[in-house]
Amino acid sequence: MAVGYVLINVKPGRELEVFESIATLDLVQDATLLFGDYDIIVKMTAGRMSDIAAAVVDHIRQIEGVTDTKTLAGAEL
């Protein structure tokens, strides 16, 4: 099982709207609004990391108001 954390920045004033859209996506296990350098953090799980990457590119980055993302891959030791 692949785990990824996505750090997301959005246009000012769009945080709640983007958060609500992201929370409904299939691979999203948890989403939290943040204060600080990023506006939202999302935990995603899938069978492969490539599935998470595809969801970020095809869905999260396409949401109106998203300005930047950074995806962190969970380590499998």
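Strand β3 is largely enclosed by the rest of the structure, because five of its seven residues are buried. The model shown in these views is predicted.

**View 1. The sheet around β3.** Four strands form an open sheet in the order β2-β3-β1-β4, and their pairing is antiparallel. The edges are taken by β2 (28-33) and β4 (66-73), each of which has a single partner strand, so one side of each lacks a neighbour in the sheet. From one strand to the next, the twist averages 20°.

**View 2. The pairing of β3 with β1.** Strand β1 (residues 2-10) runs antiparallel to β3, and seven bridges join the two. In this pairing, Gly4 has Met44 of β3 as its bridge partner, and Val3 has Thr45 of β3.

**View 3. The pairing of β3 with β2.** Five bridges join β2 to β3, and these strands also run antiparallel. One of the pairs consists of Leu33 and its bridge partner in β3, Ile40.

**View 4. Ile40 and its contacts.** Ile40 lies in strand β3, which covers residues 40-46. Its relative accessibility is 0%, so Ile40 counts as buried. Leaving aside residues up to four places away in sequence, Ile40 touches residues including Val6, Leu7, Ile8 and Val10, as well as Glu15, Val18, Phe19 and Ile22. Thr32, Leu33 and Leu34 are also among the residues that Ile40 touches. Val66 is 26 residues from Ile40 in sequence, and their C-alpha atoms are 10 Å apart in space.

View 5. With a relative accessibility of 16%, Thr45 counts as buried, because the cut-off for buried is under 20%. The side chains of Thr45 and Gln29 are joined by a polar contact of 3.2 Å. Apart from residues up to four places away in sequence, Thr45 touches Met1, Ala2, Val3, Leu27, Gln29 and Ile52. Of these, Val3 is the residue whose bridge partner in β3 is Thr45.

View 6. Helix α1 (residues 15-23) lies across β1, β2, β3 and β4. The angle between α1 and β2 is about 170°. Helix α2 (residues 49-58) lies across β1, β3 and β4, and runs at about 20° to β1.

Terms used:
Residues numbered from 1 in each chain as written. Predicted model: local features only at pLDDT ≥ 70, side-chain atom pairs only at ≥ 80, totals over all residues. Heavy atoms only, no water. Buried < 20%, exposed > 50% of the residue type's maximum accessible area, 1.4 Å probe, protein only. Contact = heavy atoms within 4.5 Å. Polar contact = N/O pair within 3.5 Å; in protein donor to acceptor, adjacent residues only side chain to side chain. Pairing = 2+ DSSP bridges. Axes fitted to C-alpha atoms, helices over the stretch in contact; angles between N-to-C directions.
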